[in-house]
Structures are given as C-alpha cells and as structure tokens.
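Welcome! Please take a moment with the sequence and the fold shown here, and then we can walk through them together.

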Amino acid sequence: MPSDPPAPVSVVMPDGQTLTARLIEREQVPGGWRYLVGIAIWRNTDSGTVEAAEYRVWLDPSAQVRPVEGVSYDDVPRKLLPPPPAYPDPGPGQPWGWVLEKLPQRGRGRGESVLHVSDCAEAPAGAPVLKLEQALDAIENPRVRTCTLCRAATELDPLLRGFGHETG
C-alpha cells in the first residue's frame with residue numbers, strides 16, 4: 001500500500017521569505033513539538049549537471065512552520081514522548097515510598113523527624129507511606145533529616161539539589 005505524500009506547509013526562512021515545503025513527520029519533544037520538513041532545492045552533481053533534491057530539516061512549528069489553509073495534517077506521522085517511568089513494584093507487603101519518623105521531643109520547641117525509605121529497618125511500623133512529592137516537601141524542612149542507615153538521602157538529595165525542586 002503506497003503511503004500518502006507528505007502534506008504541504010509554509011516555512012518561514014531566516015530572511016523572512018516563505019517557501020512551500022513538505023511536512024514529513026512530527027515529533028513531540030520536552031516542551032513542545034518539532035517538525036521534519038523537506039524543502040525542494042537544486043543541487044549540482046559530481047558530473048556537473050543540476051538535479052532536483054530535497055533538503056530535510058527539523059523546525060520549530062511555533063516559529064518556522066505555518067499550516068496551509070485547507071490541508072489536513074491528520075495522516076502525517078507523529079512520534080509521542082514515551083510515558084514517564086512507573087515506580088518499581090516493591091512486592092507484596094512492601095509499600096514503595098518514604099516514612100517520616102517523629103523523634104521524641106527534647107526541651108521546648110518542635111521535635112525533629114527522620115525520613116526513611118519505607119523498607120528501612122529503622123522506619124516506624126504503621127506510619128503512613130509518603131509519595132515522592134510529600135517526601136521532597138518534608139525533607140526541605142530544617143527539622144527533618146534523612147536516615148543514615150537507608151538509601152533515603154541517596155534517592156532524594158539528587159532530586160532536591162540537581163533539579164531545583166520547588167514547593168507551593
């Protein structure tokens with residue numbers, strides 16, 4: 001079964017002129033889309049003749065590509081980003097997440113807490129299991145520290161320091 005020819009689009013060139021090109025493929029990228037377009041050009045061959053060719057380039061559709069009125073783009077192939085990874089299945093009886101242990105209060109003021117991975121031997125039994133965002137929010141509190149025995153710090157510190165976690 002022959003495939004449909006790519007749909008025409010208008011491409012805005014760096015000097016402002018507009019050319020008709022062919023929309024070959026659409027690809028979702030973090031933050032939006034990019035379009036693969038083919039622009040018809042002439043090129044010289046090794047034998048000294050001139051032949052028709054196509055230059056293909058990925059472009060930003062919000063700035064460099066315009067639809068052609070009356071053209072349907074429904075059949076143009078598109079690649080979507082893969083779904084975000086799922087949290088690993090910890091197995092029966094082992095909820096995957098973090099647990100906050102409230103330490104006994106000493107003197108006046110608020111007590112401190114320790115954040116554990118849910119399967120840490122030092123994690124309090126029966127404490128509610130926190131999801132990732134809840135654990136990140138908890139660890140930003142100066143009265144909360146991560147357990148030195150389990151992997152809580154190694155799992156959460158890169159997320160806090162490496163990716164600029166913000167609350168609110």
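Leaving aside its neighbours within four places in sequence, His116 is in contact (heavy atoms within 4.5 Å) with Gly97, Trp98, Val99, Glu101, Glu122, Ala123, Pro124, Cys147, Cys150 and Ala152. His116 belongs to strand S8, residues 113-117. Because its relative accessibility is 2%, His116 counts as buried; buried means under 20% relative accessible area, exposed over 50%, and partly exposed in between, with a 1.4 Å probe and protein chains only. One of its contacts is also polar: the side chains of His116 and Glu101 make a polar contact at 2.7 Å. Such a contact is a pair of N or O atoms within 3.5 Å; within protein, one must be able to donate a hydrogen and the other to accept it, and residues adjacent in sequence count only if both atoms are side-chain atoms.

A word on the model itself. It is a predicted model, where local features need pLDDT of at least 70 and side-chain atom pairs count only at pLDDT 80 or more, while totals for chains, interfaces and linings use all residues. Residues are numbered from 1 along each chain as its sequence is written, and side-chain values use heavy atoms, with hydrogens and water left out.

**The overall plan**

The protein has two helices and 10 strands. These are DSSP runs numbered from the N terminus, with helices (H or I) of at least four residues and strands (E) of at least two. Read from the N terminus, the elements follow the order β-β-β-β-β-β-β-β-β-α-β-α. Of the 168 residues, 28% count as buried. Among contacts between residues at least 6 apart in sequence, 50% join residues at least 24 apart.

**The sheet around S8**

Which strands make up the open sheet of four strands? Their order is S9-S7-S8-S10, and the pairing is mixed. Strand S9 (129-130) and strand S10 (144-146) stand at the edges with a single partner strand each, so one side of each has no neighbour in the sheet. Strands S7 (residues 98-102) and S9 run antiparallel and are joined by two bridges; two strands pair if DSSP finds at least two bridges between them. Here Trp98 stands opposite Leu130 in S9.

Trp98 also leads us to the largest nonpolar core, which has 17 residues; Trp98, Leu115, Cys150 and Leu156 touch the most other members. S7, S8, helix H1 (132-139) and helix H2 (152-162) each supply at least two residues of this core. A nonpolar core is a set of buried Ala, Val, Leu, Ile, Met, Phe, Trp, Tyr and Cys residues joined through side-chain atoms within 4.5 Å. Not counting residues up to four places away in sequence, Leu156 touches Trp98, Leu115, Leu132, Ala135 and Leu136. Apart from this core lies another, of 12 residues, among them Tyr35, Val65, Tyr73 and Val76.

**The hairpin and the charged pairs**

Strand S3 (residues 32-44) and strand S4 (residues 50-59) pair in the antiparallel sense over 10 bridges. Val37 stands opposite Val57 in S4. The hairpin of S3 and S4 has five residues between the strands, and Gly48 takes a positive phi near 90 degrees there.

How many salt bridges does a search of the whole structure find? There are five, where a salt bridge is a side-chain nitrogen of Lys or Arg within 4 Å of a carboxyl oxygen of Asp or Glu. Side chains of opposite charge can pair when their charged atoms come close. The table shows some examples.

| Salt bridge | N to O distance |
|---|---|
| Arg22 and Glu54 | 2.7 Å |
| Arg34 and Glu27 | 2.6 Å |
| Arg43 and Glu51 | 2.9 Å |

Salt bridges that share partners join Arg22, Glu54 and Arg56 into one network.

Is Glu27 buried or exposed? Its relative accessibility is 16%, so Glu27 counts as buried, whereas Arg34 is partly exposed at 31%. Glu27 is found in strand S2 (residues 18-29). Not counting residues up to four places away in sequence, Glu27 touches Gly32, Trp33, Arg34, Trp58 and Lys79.
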